[in-house]
Amino acid sequence: MVKSAAIRVMLVDDHEIVRVGFKRLLETSDDIIVIAEASTGEDAYTMVQEVNPDVTIMDINMPGIGGLEAIKRICKRNAKAKVIALTVHETEPFPTRVLDAGAKAYLSKRCAPQELIQAVRKIHKGGTYITARVVKEMRKTPGTENTALSCLSAREFQVFSLLAEGRTPMEIGEDMNLNHKTIHSHRANIMKKLKLKNHVSIVHFAVLQGIVEE
């Protein structure tokens with residue numbers, strides 16, 4: 001039986017089977033209850049205002065604006081929002097970008113089940129949490145490629161991530177509520193900073209960095 005003072009969690013992931021698994025895991029604890037689910041960053045931004053969860057668990061790679069932008073918007077609207085980023089990305093610059101956006105915790109999807117429950121409890125109490133595997137990666141001296149990515153602005157990195165997923169400037173502009181000409185400008189700056197020649201080279205670079213899969 002769920003206690004009345006249970007931590008109220010919202011799950012955000014575009015894969016229903018993943019949400020089902022996390023919900024079952026979290027609700028094995030009698031102090032946690034999943035009150036809402038969303039499959040896109042846009043829905044998450046709207047729903048978090050409607051249901052006011054204690055903790056939001058957010059995937060990063062999703063259709064639409066994606067998890068990074070959703071975290072940024074949620075935390076900009078409510079600085080006290082408690083968001084856990086749960087993602088396959090364990091290397092920089094993802095952790096730093098996500099934490100800078102306002103997330104209170106960053107976990108790898110390869111973490112132990114009990115670690116997710118521990119993170120929910122910890123940030124609910126006002127703490128922060130970064131999975132040990134990610135902390136180890138963040139402490140490494142960045143190589144040439146990661147240094148280049150670190151030189152991108154927050155907006156450029158977001159556009160880069162979406163371009164790497166195969167989105168067109170028009171699609172990205174619609175998702176981010178920006179003029180497609182602005183996206184083209186960001187893309188030009190990205191290619192200049194990373195010394196890339198075209199869209200194909202952006203995707204190839206992202207694959208080499210493990211940001212997207214082949």
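Trainee: In this predicted model, which residue in strand 4 does isoleucine 57 stand opposite?
Mentor: Start with the strands. Strand 3 covers residues 55-58, and three bridges join it to strand 4 in a parallel run. Within that pairing, the residue opposite isoleucine 57 is isoleucine 84.

Trainee: Which residue is the bridge partner of isoleucine 84 in strand 5?
Mentor: Strand 4 also pairs with strand 5, residues 105-108, in the parallel sense over four bridges. Look along strand 5 for the partner of isoleucine 84. That partner is alanine 105.

Trainee: Which helix does the chain pass through as it crosses from strand 4 to strand 5?
Mentor: This crossover is a β-α-β one, and it is right-handed. The helix spans residues 94-101. The chain goes through helix 4.

Trainee: What is the handedness of the unit made by strand 3, helix 3 and strand 4?
Mentor: Helix 3 takes up residues 66-77. Together with strand 3 and strand 4 it makes a β-α-β unit. That unit is right-handed.

Trainee: Are the faces of strand 4 covered or open?
Mentor: Take one side: Val83, Ala85 and Thr87 are buried. Now the other: Ile84 and Leu86 are buried too. Five of the five residues in strand 4, 83-87, are buried. Both faces are covered.

Trainee: What is the strand order of the open sheet?
Mentor: The sheet has six strands, with parallel pairing. Strand 2 (32-38) and strand 6 (129-130) each have a single partner strand, so one side of each is left without a neighbour in the sheet. Those two stand at the edges. The order reads 2-1-3-4-5-6.

Trainee: Which residue in strand 6 is the bridge partner of tyrosine 106?
Mentor: Strand 5 and strand 6 run parallel, joined by two bridges. Tyrosine 106 has its bridge partner in strand 6. That residue is isoleucine 130.

Trainee: What angle does the direction of helix 2 make with that of strand 2?
Mentor: Helix 2, residues 41-51, packs on the sheet. It touches strand 1, strand 2 and strand 3. Its direction and that of strand 2 make an angle of about 135 degrees.

Trainee: Which residue of strand 2 is the bridge partner of leucine 11?
Mentor: Strand 1 pairs with strand 2 in the parallel sense over six bridges. The chain gets from strand 1 to strand 2 through helix 1, residues 16-26, by a right-handed β-α-β crossover. The partner of leucine 11 in strand 2 is glutamate 37.

Trainee: And which residue does leucine 11 stand opposite in strand 3?
Mentor: Four bridges join strand 1 to strand 3, and the two run parallel. Five of the six residues of strand 1 are buried, so the rest of the structure largely encloses this strand. In strand 3, leucine 11 stands opposite isoleucine 57.

Trainee: How many aromatic pairs does the structure hold?
Mentor: Phenylalanine 94 and phenylalanine 157 form an edge-to-face pair, 5.1 Å centre to centre with 75 degrees between the planes. Phenylalanine 94 lies in helix 4 and phenylalanine 157 in helix 8, so this pair ties together parts 63 residues apart in sequence. Phenylalanine 160 and phenylalanine 205 also pair, with ring centres 6.1 Å apart and planes at 80 degrees, so this pair is edge-to-face. The number of aromatic pairs is two.

Trainee: Is phenylalanine 205 buried or exposed?
Mentor: Phenylalanine 205 sits in helix 11, 45 residues from phenylalanine 160 in helix 8. Its relative accessible area is 11%. The cut-off for buried is under 20%. Phenylalanine 205 is therefore buried.

Trainee: At what angle do helix 8 and helix 11 pack?
Mentor: Phe160, Leu163 and Ala164 in helix 8 meet residues of helix 11, including His199, Ile202 and Phe205. The two axes are 9 Å apart. The packing angle is about 95 degrees. That makes helix 8, relative to helix 11, roughly perpendicular.

Trainee: Where does threonine 131 lie?
Mentor: Threonine 131 is buried, with a relative accessible area of 3%. Leaving aside neighbours within four places in sequence, its contacts are Tyr106, Leu107, Ser108, Cys111 and Glu115. Threonine 131 lies in the loop between strand 6 and helix 6.

How values were computed:
Residues are numbered from 1 along each chain as its sequence is written. This is a predicted model: local features need pLDDT of at least 70, side-chain atom pairs count only at pLDDT 80 or more; totals for chains, interfaces and linings use all residues. Side-chain values use heavy atoms; hydrogens and water are left out. Buried means under 20% relative accessible area, exposed over 50%, partly exposed in between (1.4 Å probe, protein chains only). Two strands pair if DSSP finds at least two bridges between them. A crossover is right-handed if, with the strands pointing away from the viewer, the path from the first strand over the helix to the second runs clockwise. Rings of Phe, Tyr and Trp (its six-membered ring) pair if their centres lie within 6.5 Å; planes under 30 degrees apart count as stacked, over 60 as edge-to-face and the rest as tilted. Contact means heavy atoms within 4.5 Å. Axes are lines fitted to C-alpha atoms, for helices over the stretch in contact, and angles run from 0 to 180 degrees between N-to-C directions. Angles under 35 degrees count as roughly parallel, over 145 as roughly antiparallel, 65 to 115 as roughly perpendicular and the rest as oblique.
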